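The following questions and answers go through a structure with its sequence at hand. Each answer ends on the item asked for.

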Amino acid sequence: MSKRLMWVLLVIVALVMVACGGGTPAPAGEEAAPAEEGAAPAEEGAAPAEEGAAPAEEGAAPAEEAGPAVTELNILWAQWSPADYLQQLVADYEAETGIKVNVIQEPWGSFGDRFFTEMAAGGDAWDMVIGDSQWLGQCATQGHYVNLTDFMVSNGIDQTVTPATLTYYGEYPTGSGQYWAFPTEGDADGWAYRKDLFEDPDEMAAFEAEYGYPLAVPETYQQLMDIAKFFTRPDQGLYGVAIYTQKDYDAITMGVENVMFSWGAGWQDENNNVLGVVNSPQAVEALQFYRDLYECCQVPGLSNAFFTETNDALIGGQAVMVMNYFAFFPALANPEVNPYADVTGFFANPAGPYGDRFAALGGQGMSVISYISPERQQAALDFIKWFAQEEVQAKWAALGGYTCNANVLQTDTFLNAAPFNPAFAQTMTMVKDFWNIPVYGQLLEVTQREFSAFVVEGVGTAQETMDRIAEEHDRILREAGFITPAP
Amino acid sequence: MSSVKAQEMSTTASVAPRRTKTRRHLSDRAIQNLFMWPTLALLIAFNLFPLFYSLYLSFTNYSAIARIDPVWIGFQNFRNILQDRQLWQYFATTGRYALVSVGLETLLGFGLAMLLREKFKGSGLVTTLILIPMMLSPVVVGLFWKLMYNPTFGYLNYILGYTNPATAPDWLASRWGGTPVPGLALWAVVLVDVWMWSPFVMLLTLSGLNAIPEYLYEAAAIDRASPWFQFWRITLPQVAPLLLIAVLFRSIEALKSFDLVMGMTGGGPGTQTELIAVNLYRQAFLGQWQTGRASALAYIILIIVIGVSNLYIRYLNSIRGEA
């Protein structure tokens, strides 16, 4: 018996040793994958991919010469309506080129997990991914994405989209001029509101009498606060706003960001310093404003709210103004879902007290996976080139996709296609994002915890909260090498 | 037809001795191995190997999504975790949660079992109905209770007589009439856990109660023992082993409670309901992917759970020894 036990233990030890003995594939740079030229390991911090030449277009010969012809391309995306729209759109590409494009959809909850575990294994299950903007750092530095800089610049694709979307969906490190994704599905936070209440003559008269200016779509956050307070009537079951408060992943941070950015505050300066930046007076004021808005006017019970809950607050007739990503506004314009659809209006984030006006970014960019063959990389680049054309982008927008194409966003066709499109087009020129470096998850955990404690739980002061965030962010960034110690 | 029959017979005849031979070859030891080794292989592949591999990873800086080999960093992860005050706070919250919820479940479950011990018309149906909560998925339970706790349309406040949300408790936000009430959200989660798992304690206790021989009570009655004496000297000692097993299972579950909390509060507001398992999940996934550190934390939790379980088991054995 003891002999048998020994054998079992031996097998386990052998398995563990095999697993620990460098079974993980070598960093992408050593295999002929294209992205490696530009990639730096996470530890090296924000080192831009200076050499990041796009390998596919240089190295890969046309598919007919280099290898077997590509007849099918696979794109991984999250499971939602835009992915269905893309699947409809790519039928045109198949008709034109004979290449079938499959949009593989993965539920949001497991989208990131499935993608990153496949990438860790150097897998080639998909040719392209329409990935989150936060993934850029991880995917660029670890060689999962092909560097698209030369491809996008030489084909003029970088000029077709709004500069803000190119920066936040495609560029890493920010400001480096190195592009890893084509801005595909633009998204950002905006507001939906009850037009019937805003345009009610009695309400308008009462509001003007109380606040001294006409009731209209708010142009500043102070006006938004006034309107929210005006409509908060617990006896009627009516409340001013429904804003993000969820702690799970990134919701409350995105909500606070809308205000922070519009107060002129940010997450870092040009050298990635956070002390004195994250806890700047503007950032502290902005956070205080968010908590005041929550305390005065949030629909009760929305203490852990994200996109579903805020939409539901408007659909249920509880909230007069709701914060949400534009991607979730089609439901509010659908009379089958929203009984107030006909009287629901949309507006872009108002300006802060110092004139700044920004919106927290959502959305995704399309990237080419570096672990596929050069032929497939070339075919993927050809697809992106086709997809980036203005007429295709116009069709993409007509189907319901949120294009980032600067010209299409300004066409009357687009602006009149949906009631929220004008606000979306306006928002796409003023988006800003959270960190997109490999340690963004650790930075996010801090902000989620601290914002939730201050805004929802009501603990501490705005200054203490931002000080703690600044200190912890500073520590995380230093440990990850994004802030070098002073000499 | 007949030729087919003959063919079948010849086939049977040729196979029969082979079967006998095969059966002769399958000794008891072979059958034992046949059953044991596949199970053992699965156990090694899916339990033991991950256990040992994650132990190794806990000494590295590995990230499951990075294409970088694990780098050995010794006890760094353990040191960082043990020096992290925030994590100690999560451990303390978990301890409070486990203590209060398991304590209440034990009292309530035992009480229910005592009530249901006496058979009455429809007692079977009542027992089944009481067991329903523990048969539901914790996430679903969490989402339903989230609605019931809602201060504007939830049942709970309505039953308690709070119809104005402005003055009512907002349980999951830890506020009462807008004023912060520390701990309210944790109590709200504990209440749901108690609602869900008291029936489990009741079930085990009830089976223990039903197993107590009737003659013990008859003898006590002849000796004119009071009901309290009978309860204290007969019922409780007899049912204690099963009750302790229920408490052991519930304590283990409570110490690694995750899905109910994620469904209801996501660990918020702030850190009020951030149990250690929730934080472990946050570190292992959710954009962080600190696999090495998360493995170290998982091992610390495992050691704590084993330690607590051992205390229970020792006590259980001592009770059995006395019995």
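Two strands pair if DSSP finds at least two bridges between them. The model discussed here is predicted.

Q: Over how many bridges do strand β6 (residues 239-242) of chain A and β7(A) pair, and in which sense?
A: Pairing requires at least two bridges found by DSSP. In this pair of strands, A:Ala242 stands opposite A:Val322 in β7(A). The pairing of β6 of chain A with β7(A) is counted over three bridges, and its sense is parallel.

Q: How many bridges join strand β5 (residues 189-194) of chain A to β7(A)?
A: One facing pair here is A:Tyr193 with A:Met321, the latter in β7(A). The strands β5 of chain A and β7(A) run antiparallel. The number of bridges joining them is five.

Q: How many residues of strand β7 (residues 319-325) of chain A are buried?
A: A residue is buried if 20 or more other C-beta atoms lie within 10 Å of its own. By this count β7 of chain A is largely enclosed by the rest of the structure, because its buried residues number seven of the seven.

Q: Which residues of α8(A) are buried?
A: Helix α8 (residues 163-170) of chain A is largely enclosed by the rest of the structure, since seven of its eight residues are buried. The cover over these buried residues includes β4 (182-185), β10 (364-368) and β11 (431-432) of chain A. The buried residues are A:Ala164, A:Thr165, A:Leu166, A:Thr167, A:Tyr168, A:Tyr169 and A:Gly170.

Q: What percentage of the 487 residues of chain A count as buried?
A: Chain A has 21 helices and eleven strands. Among its contacts between residues at least 6 apart in sequence, 73% join residues at least 24 apart. The buried share of the 487 residues of chain A is 54%.

Q: How are α20(A) and α21(A) oriented to each other?
A: The axes of helix α20 (residues 440-456) and helix α21 (residues 462-479) of chain A come within 10 Å and cross at roughly 170°. Angles over 145 degrees count as roughly antiparallel. The orientation of α20(A) and α21(A) to each other is therefore roughly antiparallel.

Q: By class, which residues does the contact of α20(A) with α21(A) have?
A: From α20(A), the contact is made by A:Gln442, A:Leu443, A:Val446, A:Thr447, A:Glu450 and A:Phe454. From α21(A) come A:Ala462, A:Thr465, A:Arg468, A:Ile469, A:Glu472, A:His473 and A:Ile476. By class, these are six nonpolar, four polar and three charged residues.

Q: What distance separates the centres of domain 1 of chain A and domain 2 of chain A?
A: In the domain assignment of chain A, domain 1 is 51-187 + 362-417 and domain 2 is 189-360 + 436-479. Taken over C-alpha atoms, the separation of their centres is 31 Å.

Q: Which helix gives the largest share of the side of domain 1 of chain A that touches domain 2 of chain A?
A: The contact takes twelve residues from domain 1 of chain A and eight residues from domain 2 of chain A. The domain 1 side divides into four nonpolar, seven polar and one charged. Its largest share is four residues, and they come from helix α6 (residues 136-141) of chain A.

Q: Which helix gives the most to the side of chain B that touches chain A?
A: In the contact between the chains, 40 residues of chain B meet 48 residues of chain A. The chain B side divides into 21 nonpolar, 14 polar and five charged residues. The most, seven residues, is given by helix α2 (residues 28-57) of chain B.

Q: Which strands of chain B stand at the edges of the open sheet of three strands?
A: The order in this sheet is β1-β2-β3 (chain B), with antiparallel pairing. An edge strand has a single partner strand, so one side of it is left without a neighbour in the sheet. The edge strands are β1 (169-170) and β3 (179-180) of chain B.

Technical notes: Residues numbered from 1 in each chain as written. Chains lettered and ligands numbered in written order. Predicted model: local features only at pLDDT ≥ 70, side-chain atom pairs only at ≥ 80, totals over all residues. Domains from an automatic or database assignment. Contact = placed C-beta atoms within 7 Å. Helix = DSSP H or I, 4+ residues; strand = E, 2+ residues; numbered from the N terminus. Nonpolar A, V, L, I, M, F, W, Y, C, P; charged D, E, K, R; others polar. Axes fitted to C-alpha atoms, helices over the stretch in contact; angles between N-to-C directions. Parallel < 35°, antiparallel > 145°, perpendicular 65-115°, else oblique. Buried ≥ 20, exposed ≤ 12 C-beta atoms within 10 Å, placed from the backbone.
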